[in-house]
Amino acid sequence: MESQPLLKSENSIQKKSLGLKQPRWYEQEAARLLLGAIFVLGAGTAVGYATKIPSDLTPTWGRVSNVMGGIYFMAWSLSFYPQAILNYTRKSVVGLSFDYQVYNVIGFTCYSIFNCLFFWSGPVQEDYRQHHHGKNNQVQASDVFFAIHALALTLVTVWQIAIYERGAQSVSTTCYVRTLRRQGCVQSFASTRVLASALSCSSIDHIETPSIGCLWYLYCGHGSDGTTLPVPQRRCLYLAQLLLPHC
């Protein structure tokens, strides 16, 4: 029983003799994870309380919705930094899926345009009200910030791919095919809307549409990141990184 303290003291003496410092409590991985979770919950809650409650929700449920959205906003926004920091410290992007970054650049570019126009464009807002019984769209400042911030961090990662060691990795042929096919789906949907408008067929999406307007083009562009296209299109974004170590 007395050997345990002796072993610990010997280990500490050996570490000191080798110049190794004992990690402080906040330098340990578990402590960092706990502090990060506390920060995300706290900052996300603050964002939720600072966000305007949607007009179609009660004050209670609107506040709950805003707080959950604020936590989601903080967690996803911060998730872009670890990879960029890791790339910088390693001066290498080996092991990072380039396909994933291609999908992200396309998606967040379209998402940024979508949110910016919904938040700032008067004609888009008016078009939305005409097609949704006078209700305002729910895009808020946090949505705009998230989209632009995500695009900026993704472009930083793409820049790191261009300048750091990447081995024999490159964008796959599958990524090129999926990207072209996805854009083809978007263009086909837009063309169908234009044709339907010309033929006065306003029942495609079960919404009365007196004119095609700019709103539907935004929906088409938003679909290029996979959010309004079928779910399998969205899955390929995450599978690109997941399957890379097994290729």
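Good morning. I begin with S77, which lies in helix 3, residues 59-78; helices here are DSSP runs of H or I with at least four residues, numbered from the N terminus. This is a predicted model, in which local features need pLDDT of at least 70 and side-chain atom pairs count only at pLDDT 80 or more, while totals for chains, interfaces and linings use all residues. Residues are numbered from 1 along each chain as its sequence is written, and side-chain values use heavy atoms, with hydrogens and water left out.

Is S77 buried or exposed? S77 is buried, because its relative accessible area is 5%, and buried means under 20%, exposed over 50% and partly exposed in between, with a 1.4 Å probe and protein chains only. Leaving aside residues up to four places away in sequence, S77 touches F146 and H149, where contact means heavy atoms within 4.5 Å.

With the same exclusion of residues up to four places away in sequence, F146 touches F73, W76, S77, F80, F108 and Y111. The largest nonpolar core has 14 residues, and those with the most contacts inside it are M74, F80, F108, Y111, F146 and A150. Helix 2 (29-50), helix 3, helix 5 and helix 7 each supply at least two residues of this core, and helix 7 gives the largest share, five residues. A nonpolar core is a set of buried Ala, Val, Leu, Ile, Met, Phe, Trp, Tyr and Cys residues joined through side-chain atoms within 4.5 Å. A second, separate core of seven residues includes F114, C116, V139 and V144.

I turn to the aromatic rings. How many aromatic pairs does a search of the whole structure find? The search finds 12. Rings of Phe, Tyr and Trp (its six-membered ring) pair if their centres lie within 6.5 Å; planes under 30 degrees apart count as stacked, over 60 as edge-to-face and the rest as tilted. F108 and F146 form an edge-to-face pair, at 6.1 Å centre to centre and 80 degrees between the planes. This pair links distant parts of the chain, with F108 in helix 5 and F146 in helix 7, 38 residues apart. F108 is buried because its relative accessible area is 6%, and F146 is buried at 5%.

The pair of F114 and F118 is tilted, with 4.6 Å centre to centre and 35 degrees between the planes. Both residues lie in helix 5, four residues apart, about one turn of the helix. F114 is buried at 9% relative accessible area, and F118 is buried at 3%. One aromatic cluster is formed by Y72, F73, W76, F80, F108, Y111, F145 and F146.

Next, the charged side chains. A search of the whole structure finds one salt bridge, meaning a side-chain nitrogen of Lys or Arg within 4 Å of a carboxyl oxygen of Asp or Glu. It joins the side chains of E126 and R129, at 3.1 Å from N to O. Both lie in helix 6, three residues apart. E126 is partly exposed at 36%, as is R129 at 25%.

Finally, two loop residues. Most residues other than glycine have a negative phi. K91, in the loop between helix 4 (81-90) and helix 5 (98-120), has a positive phi of about 55 degrees. H133, in the loop between helix 6 (122-131) and helix 7 (141-163), has a positive phi near 55 degrees. K91 is partly exposed, because its relative accessibility is 41%, whereas H133 is exposed at 79%.
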